[in-house]
Amino acid sequence: MLAIVLVMFLVLLLAGFPIIVSMGIPALLYVIVEGLPISTMAYSAFQALNSFPLVASPLFVLMGCLINEFGETTRLFNFCRVLMRNAKGYTAKVNIIVSLLFAGMSGAAVADIGGLGQVEIKAMEEEGFSRDYACAVTAATSMVGPIFPPSIPLLIFAVLAQQSPLHCLMSGAIPAVAIVICLYIFISFQCRTKLKGYHDEHPATEKESLWAVTKEAAHILFLIPAIIVAMLGGFCSPSEAGAAAVIYILIVEAIKGKFSFSILKNAIVGTYKTVSNIFIIIAVASFFTKVLTLEHFPEMVTSAFLGMADNPFLILLLI
């Protein structure tokens, strides 16, 4: 039965079916064949989603959506652009830095591309990069989003693996920074050949002072270290940090006179679309995992790995 479930899963996945269908149909077949109550699926899904740490996921997504809707991503981009305007290929380098900053507020790659993608690609084209290269850099740098805290995938992993959400989130900080440094060095070398229409002066940024753009983006730049310090210092959990960040953004925008219910509605709808896609996968995956557990699949995999090596580093490399 285990072989049938795994083969069905792989066949459906390779055939291009959505991941929830690829996991759900084999799991449902297992329930029918083994004579288990159908309610087992619903109960398993409920258990997977009934978790307080998981509340942090929609809150951080909502925070990223609010920042996008209120136009704060443009201020963030302008700050990085003016900060690095004297460097050759500065728009590509800004793309990297601003992705790291925005990752500290969104926790998802799709939020980075949706909020900053058009601005970044347009700016890179104006400096002389090809559109294909600009799109490639934007896609590559956006991958910092799901790694740097508050990472949505790491939050989900913490819940499913029953690990500390704080420890899982912080574990992504150093790898994310390392990726950013590697991308920066790589693109610095590539800028020598990729920039055909490059000019030493950037008229769009010559008249802007660093102090002016810093003041405009200060309330957003403050948010990133505040979230990390609050969680590391034990002042609040990831879920509470996400809620506090959302309230902070709403208060700041209300003080600035930019708050409107239409913007709030758009942010909530955007959050719902993103989170529902994630949560339905978690719900179905939880039962699929339970089926594998009933068939003792985890023990089989563990035995196989331990049989190949007893060195923890080698096992990690194999995984």
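Biologist: What is the accessible surface of the protein chain, and which share of it belongs to carbon and sulfur atoms?

Modeller: The accessible surface is about 16,500 Å², and 70% of it belongs to carbon and sulfur atoms; such areas come from the Shrake-Rupley method with a 1.4 Å probe, and for residues only the protein chains shown count as cover. This is a predicted model, in which local features need pLDDT of at least 70 and side-chain atom pairs count only at pLDDT 80 or more, while totals for chains, interfaces and linings use all residues. Residues are numbered from 1 along each chain as its sequence is written, and side-chain values use heavy atoms, with hydrogens and water left out.

Biologist: Why is Cys65 called buried?

Modeller: Buried means under 20% relative accessible area, exposed over 50%, and partly exposed in between (1.4 Å probe, protein chains only). Cys65 has 16% relative accessibility, so this residue counts as buried.

Biologist: Why is Cys135 called partly exposed?

Modeller: The relative accessible area of Cys135 is 32%, therefore Cys135 is partly exposed.

Biologist: How many disulfides does a search of the whole structure find?

Modeller: The search finds 0 disulfides, the criterion being a pair of cysteine sulfur atoms within 2.5 Å.

Biologist: What makes a nonpolar core, and which residues of the largest one touch the most other members?

Modeller: A nonpolar core is a set of buried Ala, Val, Leu, Ile, Met, Phe, Trp, Tyr and Cys residues joined through side-chain atoms within 4.5 Å. The largest has 71 residues, among which Met63 and Met105 touch the most other members. A second, separate core of 12 residues includes Phe9 and Phe288.
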